[in-house]
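Please keep the sequence and the picture side by side as you read.

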Amino acid sequence: MARNAKAKTHFLESTDLKAVIDPPKPAQESWGTKVIATIGPACRDVETLAKMLKAGMACARVDLTGGSLQYHQGSLRNLATAVKQEKKLCAVMLDTTGRELLIRRKFTLNDQGWPQHEDPTEVQTGQELVLNADPNADISDPSQLAVTYSGFADMCQPGDQLFIGRYLVNGADQSSLYLEVKEVSPPLVTCVAQNDAVLDGLLTLIHQDRADEYGRMSNTQASMPVLTESDISAIKAISKEFEIDFIALSCTCSGADIVSLRDFLNDLELDAAKIVAKVENRQGLDNFSGIVAAADAIILSRGNLGLDVPSEKMALVQKVAIDSCNQIGRPVSITRVMDTMVSAPRCTRAEATDVANAVLDGVDGILLGAETLRGSYPVQTIQTVLSICRSAEEVFDSRQHFENLMSFAMVEDEDELMEHPTGQSPQAVSEMDQGLGVPARLDTAAAAAAAVAERDSKPSSRDNSMRGGVLRTISDRSTSEGLPPLGPGAASPRGNRRSSFEEPDTPRSGAGDRVASMPKPPSFGSIPKTMSTQSMAMGRPGSAPARGIPRLTKQEAMASTAVRAAAKLRAGLIIVYASSGRTASLIAKYRPSIPILTLVVPQLTSNTLSWTMTGRSLARQCLIIRGLSPMLAAPMQGRTDAMLSQAVAVAVQRGLVEPHQHVVCVESVKEVLTLKVVAVDALGRGMRRGGEGSHHQGAAPNFRNDTNTRMMPTFSGELPAHVLANGHSEGLNKPGALNTLTQRASERQDSFPYTAKVW
């Protein structure tokens with residue numbers, strides 16, 4: 001295992017157990033780790049949804065695998081009513097069926113439209129069971145089980161391991177059945193039961209990946225469609241009535257799946273919807289680098305992963321995956337944390353420890369599935385999860401997390417230049433770059449053009465069809481591939497935009513140094529180096545930065561500076577103006593111990609035919625990122641000091657900051673990121689004005705927003721990005737440097753609206 005894949009040890013500053021068990025300070029708002037809850041029969045009514053919002057639900061997940069379209073539309077209408085009633089933001093996530101394998105069974109719909117399955121099927125150990133992949137199979141035949149995917153038999157070989165269980169079960173209850181394939185005769189697959197089970201409800205089928213003699217996975221599931229026909233029709237219908245914030249892609253196998261889904265969403269004019277990749281199998285883990293590079297957020301579906309990954313490796317897989325996402329600021333959530341609370345009002349100690357360890361590892365959110373879908377205690381489950389998260393956040397070592405990220409950002413030697421954030425070898429990085437459609441480590445533009453020409457001359461395995469109305473992606477793809485190469489025409493989301501299934505454009509006339517165009521980068525976190533337009537322009541796509549130069553962009557440098565300044569000044573809040581969400585997510589990447597108020601100012605835009613309000617969706621999308629507390633400002637209002645003062649006052653009301661505390665503000669002034677420090681007035685009604693308050697011994701000076709305030713000499717002028725990186729540059733980043741500067745200001749009775757430009 002690579003060096004930076006080693007596990008971090010959690011050291012606590014205090015070992016006083018009496019103090020540890022003291023209840024945490026009650027919080028008015030859950031700004032730390034977020035909770036995503038699945039809407040289902042147990043919580044679909046307006047009253048329960050309102051209680052869940054009040055308890056801290058940040059995002060509502062609608063699972064298209066179960067329930068009719070009309071059922072989900074009714075659930076979203078109830079959610080909209082609850083949101084208006086509670087006056088709280090709540091994101092909406094559509095979770096697709098995608099490549100999930102299901103067992104077709106007889107069912108009836110209740111008065112609300114939820115399916116009720118008929119008599120359960122009992123299976124005994126050693127009993128032979130036949131799985132039929134024929135679409136016309138008789139589902140009433142008790143001697144066989146009908147599978148939803150017609151190509152299932154082609155995926156199987158004698159000796160393969162299968163799992164059948166109730167949807168969203170934990171794999172250890174009575175409805176879990178383990179099978180071994182005995183014989184394959186398409187469309188029939190004969191299996192032998194490995195245990196006793198009672199199959200009831202909506203049944204899911206999992207085919208565990210097999211490896212060849214060289215350890216390469218079979219990649220059988222990648223040949224299945226990315227979206228089913230029901231997924232496509234549901235997304236089209238729901239998007240006409242509701243604003244969709246996230247689309248969760250089930251069983252994501254590679255970055256190519258994300259690109260295919262993005263093309264589909266762009267065709268529906270759902271450009272604002274973010275894509276969440278659900279990693280559920282070995283193929284997703286093998287291609288994790290490409291998936292993280294392409295997706296806006298990640299969900300580790302631990303229920304399915306636990307069946308496809310050896311038990312002794314599951315904890316390490318979770319830690320490495322979370323750390324990989326943390327290093328580039330990609331939001332990551334985990335599932336299956338409170339299975340006991342489906343039927344009990346209290347979780348087990350193992351579940352509580354599991355949630356706390358995930359928070360200490362750096363997870364952004366917790367996704368609740370069966371716990372709220374059909375559980376008896378949906379509201380209590382949310383409260384329990386958030387209380388555990390708050391307790392873990394109190395001892396989270398933000399400073400060490402910051403230093404870890406900064407040490408990764410600074411390149412020290414050639415070996416480190418070639419190491420990937422996930423701790424992979426240079427060979428793995430090269431494979432990732434090629435999977436992204438970018439030649440790895442090319443020194444000249446001519447070499448880049450030659451590599452692209454060689455790639456384009458190879459036969460394509462891409463499918464440019466919509467078979468049966470089902471969206472499909474590239475088939476027969478090796479496990480090391482990530483994003484497919486796209487032609488230059490793919491840059492435009494409308495009009496003559498080329499499909500990701502088409503061949504790349506031929507070189508333009510006189511463009512011998514053409515390099516591959518790249519997919520649209522994710523909205524949250526860092527832009528992968530392999531997708532950097534700057535590296536493409538230099539003719540060295542995918543190449544690492546020069547020795548001694550930070551991997552930080554200007555935006556990331558300012559984000560790290562804001563977090564460091566807030567820590568040095570003991571600030572109580574960070575405020576960031578958000579237009580795309582990237583700066584806010586980069587600040588949250590460093591996990592400051594204080595909330596980050598994300599101020600979104602909606603704007604009216606026109607396409608000459610109609611007016612559209614933009615910004616609301618971004619505010620909701622920030623709800624899945626740990627540390628962010630989004631707030632919508634008044635539309636059409638400029639980014640003035642009055643708005644900032646009002647935001648501070650609202651933050652005081654919401655319990656995010658207290659009077660006399662300092663607030664670090666990040667905003668863009670004339671397309672230049674600036675950082676400003678203000679203070680809350682004594683009454684908590686806004687920013688402190690000149691002459692208000694007094695200095696307390698040992699505290700940082702009062703920062704005022706006076707127009708005639710003098711600038712602290714050390715911070716005046718423009719600072720290069722490597723100085724703003726904080727942690728390895730001279731001056732600001734020496735131990736106690738910023739404290740010394742603020743003490744000088746206190747002695748001179750200076751105050752300043754700290755503004756640092758990035759060039």
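## Terms and model

Contact here means heavy atoms within 4.5 Å, and helices (H or I, at least four residues) and strands (E, at least two) are DSSP runs, numbered from the N terminus. Axes are lines fitted to C-alpha atoms, for helices over the stretch in contact, and angles run from 0 to 180 degrees between N-to-C directions. By these terms, helix α20 (residues 582-589) lies across β22, β23 (596-600), β26, β27 and β28, at about 155° to β22.

This is a predicted model, in which local features need pLDDT of at least 70 and side-chain atom pairs count only at pLDDT 80 or more, while totals for chains, interfaces and linings use all residues. Residues are numbered from 1 along each chain as its sequence is written, and side-chain values use heavy atoms, with hydrogens and water left out.

## The open sheet

The strands that α20 lies across belong to an open sheet of 5 strands, ordered β26-β23-β22-β27-β28 with mixed pairing, where two strands pair if DSSP finds at least two bridges between them. Its edge strands, β26 (628-632) and β28 (672-679), each pair on one side only.

Within this sheet, β22 (residues 573-578) and β27 (residues 662-669) pair in the parallel sense over 4 bridges, and L573 has V663 as its bridge partner in β27. Helix α19 (residues 554-568) also packs on the sheet, touching β22, β27 and β28, with a direction about 10° from that of β28.

## The closed barrel

A closed barrel of 8 strands, with parallel pairing, runs β1-β2-β3-β15-β16-β17-β18-β19. Strands β1 (residues 34-38) and β19 (residues 365-368) pair in the parallel sense over 4 bridges, with V35 opposite I366.
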